[in-house]
Amino acid sequence: MPQVLSELLSDKDRAVLESIFNPFQIGGGAEEGVNWNFDEGLPEEVQDPYEEPTAQVKESIRREVEAIKVAEVGDFTKAVELFTSAIEVAPMRPAPWNNRAQAYRLLDNDQAALADLEMALQLSGGTGRTGCRALCQRGLLRRKMGDDDAARDDFKTATNLGSKFARAQLIEMNPYAALCNQMLKDAFQKLS
């Protein structure tokens, strides 16, 4: 993108263009930090099921937060180790499974990511914030792997949970939107 044009765009506009030009990128680049949430605009009432705040759950959450901080500075291998330890302490919590899937994805280990997403969806029942996030991640991975029908199903389910991100993905997968995106991309390339 030309520097002058880039300076005129808001952060949100740049993020939209990034999603158009790199539709299979999950989260931001290393310089932008990692996006661990696919629930922008998700209604407040969509919550994960209540977790009894046992010592194990509290320790799992502490380790998960530490893992996210490590991942945000780009050490995804260490993040996987920390997410794994969060899972070992409280294996029935879906959130660390979903977050470890993100770290695996950023390490280009899509199969491990899909396995973790399946577990996150099983444990969450495909509901709540974690279920919604897992559906969005799995939809992106399925789309990357060329399984657009399964990706659409995941995005539709996440949209029904209230995810604007998933709705945007469905719109982007529309053949007419893809044509418009290609025309926009060509126009920006000509400006370069």
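Before anything else, my contact cut-off: two residues are in contact when heavy atoms lie within 4.5 Å. I am working on a predicted model, where local features need pLDDT of at least 70, side-chain atom pairs count only at pLDDT 80 or more, and totals for chains, interfaces and linings use all residues. Residues are numbered from 1 along each chain as its sequence is written, and side-chain values use heavy atoms, with hydrogens and water left out.

**Entry 1: the fold.** I counted 10 helices and 0 strands in the chain. Helices here are DSSP runs of H or I with at least four residues, strands are runs of E with at least two, and numbering starts at the N terminus. I also looked at sequence separation: of the contacts between residues at least 6 apart, 62% join residues at least 24 apart.

**Entry 2: H3 against H4.** Two packed helices are described by the angle between their axes and the distance between the axes. I looked up H3 (residues 55-72) and H4 (residues 76-89): the angle is about 170° and the axes are 8 Å apart. The axes are lines fitted to C-alpha atoms over the stretch in contact, and angles run from 0 to 180 degrees between N-to-C directions.

Which residues meet? On the H3 side I noted Glu59, Arg63, Ile68 and Val70 among them, and on the H4 side Phe76, Leu82, Phe83 and Val89 are included. By class, the contact has 10 nonpolar, 3 polar and 5 charged residues. For the classes, Ala, Val, Leu, Ile, Met, Phe, Trp, Tyr, Cys and Pro are nonpolar, Asp, Glu, Lys and Arg are charged, and the others, Gly among them, are polar.

**Entry 3: salt bridges.** I get 14 of them in the structure, using a side-chain nitrogen of Lys or Arg within 4 Å of a carboxyl oxygen of Asp or Glu. Asp116 pairs with Arg100, with closest N and O atoms 2.5 Å apart. The pair links H6 (residues 110-124) to H5 (residues 94-106), 16 residues apart.

Glu118 bridges to Arg138 at 2.9 Å. Glu118 sits in H6 and Arg138 in H7 (residues 128-144), so this pair ties together parts 20 residues apart in sequence. Buried or partly exposed? Glu118 is partly exposed at 37%, while Arg138 is buried at 11%.

Arg142 bridges to Asp154 at 3.1 Å. That ties H7 to H8 (residues 148-160) across 12 residues of sequence. Asp154 is buried at 3%. I also found one network, in which bridges with shared partners join Glu59, Arg62, Arg63 and Glu66.

**Entry 4: H7 and a neighbour.** H7 has 17 residues and spans 24 Å from first C-alpha to last, close to the expected 24 Å, taken as 1.5 Å times one less than its number of residues. Of those 17 residues, 15 are buried, so H7 is largely enclosed by the rest of the structure. Just after H7, Gly146 has a positive phi of about 90°.

Leu114 is in H6 and is buried at 15%. Leaving out residues up to four places away in sequence, Leu114 touches Arg138, Leu141 and Met145.

How values were computed:
Buried < 20%, exposed > 50% of the residue type's maximum accessible area, 1.4 Å probe, protein only.
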